[in-house]
Amino acid sequence: MMVAELFTPFLDPVLRGPTIGCMLMCFAAALVGVFSLLRRQALIGEALSHAAYPGVIASAVAAAWLGFEADETVLALAIALGGGASALMGLWCIQLLERKLAVSSDAALCFILAIFFGFGITLASNAQFSYPLIYRSVQAYLYGQAATMTDSHIMLYGILAFVVAAVIALFFKELQLVTFDRAFAMTLGLPCRTIDTIFFLLLVASIVIGIRAVGVVLMSAMLIAPAVTARQFCKNLRSMLLLAGASGAFSGYLGNYLSSAISEILATAYPSQRLSMPTGPAIVVVAAALALFSLLFAPERGALIRLIRAILFRYRCLCENILKGIWKKENKKETLPHYTDEFSFKVLKSEHLCSAFSLYLALLQLVYNGWLQRAPGGFHLTAGGKIKAARIIRVHRLWEVYLADYLGVGAERVHLSAEEMEHVLTPELEKELTLLLDNPHHDPHHQLIPPHTIL
Amino acid sequence: MQCLLLQINPYSGATFFQFFLVLAARLWQCISGQSENLVLASDEIQLIVLVGVALCCSLLGVFLVLRRMTMLANALSHTILLGIVLAFLATQGMSTADHTTYIPLNITTLLLAALLTGVLTTFLTQFLVSSIRLQEDASTGLVFTALFALGIILVTLLTRNAHIGTEAVMGNADALQLSDGKLIWLLFAFNIVVIGLFFKEYTITTFDPALAVALGISPTLFSYLLMVQVSGSVIGAFRAVGVLMVLALLTGPPLIARQLCCRIKPLCWISMAVGAFCAVVGVALARHLLSAAGLAFSTAGLIVCVLAALFLLTVLYSFLRLQYQPQSE
């Protein structure tokens, strides 16, 4: 049963630790990641997670030296504290470099990242020989090792994740204000530096929680990807936080599920080679895939959706321009001698500067809507088409009057703007313009404005 | 010279200053024509490769730091893993034989992988920023972590060695061969030629991109060229120092040099000198710690520690210089 399979990670005692633990960690990281994305400081998490590494090694070695290397809980706690202290030191150095030494922010981040990580590597290289057992368990923090997490880990990380969420809830208004309008916050007398410090402490806490799941090197993905996903769907901060948290937790769950499922498949397919899929990178790939999907397909902001909307809009403009063009020519015909071949496909194509395919589609659409009819000389407007075309012309010329007479723009410059606005103005705006301009009869080029007709 | 490792390393047991004495003695032997019996010790191979890496990276780092492209270089140093894995796949296929930790790839494949990865990373990041309208920092972060995660998955699946990822990050200076040295010095020569030829273009696109465009010089072209050079150097340095230490060598020497001078040509020279100095001191220090205290440390890690110490000294120096400056306000 597929559905029952989805719930086994929560019930199976071996899988429970990694799955729930990862979900909690990614949830906490996603919440903090929302703020770091909105503050445009998305990469500071990257620098701080690398800066945490020497602390992780040093505290693990200290724990081993004191004889605690077998006690998982104490080790995890020690690593959390050591990593946190080291990350905070890295943060302090970054701020010192940026403020006192005038180093640009990206160079400061990269420098501290590299130096601290280098310290960590140096310590680890010695620990490899002096404390080999602890070295093995600490290497788990480089790329994450969710698979060996137990219920005590769930407890520890659950408490930490709850603390992160509680602090965000407690300081929600202040964090929101300082993120979106720092100047206003300062005028209100809010202690902005203190709130910044709270944010950075939250960041360090979430990093320290998260490095067991995805590791030091990949941590910044869990700060950025869920926040990016949420941003595409949400317009206010509360829903963004909720969606980011959900997306992070989901990535944690699916990453774990995929890594165990694929490892099983590989074990049965190639049993002699003992292949396995690592969990941390799997979680990151899931989160990044979610982010990519939301970047492309989110209803309002998705890039592909916007592209499709733009194409459809251009298509609509083409249809309306065709109607307009034919209306103008038919009106001229009434006063001038009869022109043949004016409404054929070839002439229309040369006038409207589009591909033959789009013109063909547009004409098909207009005939289908009942605004154009096919005749031996080409295409002509139906009664309904005449009304629609007249409305577009009316809106165009009203806008020209608005720009020229009301706003004082020169008559020679209003045409281009009106060409764009005629497709956009709604009937309500048309009514307002009529009222405002006192129902004018002529536009700045002395052409008649078609009267208002009820469609 | 042959690239064998001596059974008896002439440097074993040497402390810091003895290291330089032995080095000088062997150099003298080499210069005065007794080179038939001389084979390179592992320490000397390390020196050759690490000094080459440091020189390469310090020079490129100057332009990266000034153009604020260091985060892109950081991204590149991560995605290069994916490039190497894909190159490995492309050349050797899904072989089921047991693999060692060292992936033997020929140089052209490696450099091609570097080129493609560099262009891919830069292109994807720019695409996300301009077409998908994502913030620049978020798009950099998203692109390189996703590609790096893919790389780690592929590497773990292919080599069935969970520690390959560690080596990719830490490097393994003790397993260096002379061929690595040849590659890195070739890359350094390439860098010197390119930067020497295009120095004016690099300078103007760094300091005044608008003027460069007005003059008909494309800043984008030189950004891409710089990234190609960086990718080459990262791949060359991969086995020696691992990907993350390359970042220290890219950012550290320019920042140190920046504290000491403010014109671009001295900046380049001082940066290269600082890089080479740290590499030499790092190798000597590694030997010293092994001989004197019996502690084994990673050479690349020690180079980074020396860089950090030098940076602190430079900061102290400039701070003191400010303090004792004559009051000319």
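Contact here means heavy atoms within 4.5 Å. On that rule, chain B puts 54 residues into the contact and chain A puts in 56. Keep in mind that this is a predicted model: local features need pLDDT of at least 70, side-chain atom pairs count only at pLDDT 80 or more, and totals for chains, interfaces and linings use all residues. Residues are numbered from 1 along each chain as its sequence is written, chains are lettered from A in the order in which they are written, and side-chain values use heavy atoms, without hydrogens and water.

Now the area. Buried area is the accessible area (1.4 Å probe) that two parts lose on being put together, summed over both. For chain B and chain A that comes to about 4,700 Å², with 76% from carbon and sulfur atoms. On the chain B side, Met71(B), Gln135(B) and Leu142(B) lose the most, together 12% of what that side buries.

How many salt bridges cross the interface of chain B and chain A? Zero, by the rule, which asks for a side-chain nitrogen of Lys or Arg within 4 Å of a carboxyl oxygen of Asp or Glu. One is Arg39(A) with Asp196(A), at 2.9 Å, N to O. Arg39(A) sits in the loop between α2 (13-38) and α3 (44-65) of chain A, and Asp196(A) in helix α10 (residues 192-233) of chain A, so the pair ties together parts 157 residues apart in sequence. Helices are DSSP runs (H or I, at least four residues), numbered from the N terminus.

Methods
Helices (H or I, at least four residues) and strands (E, at least two) are DSSP runs, numbered from the N terminus.
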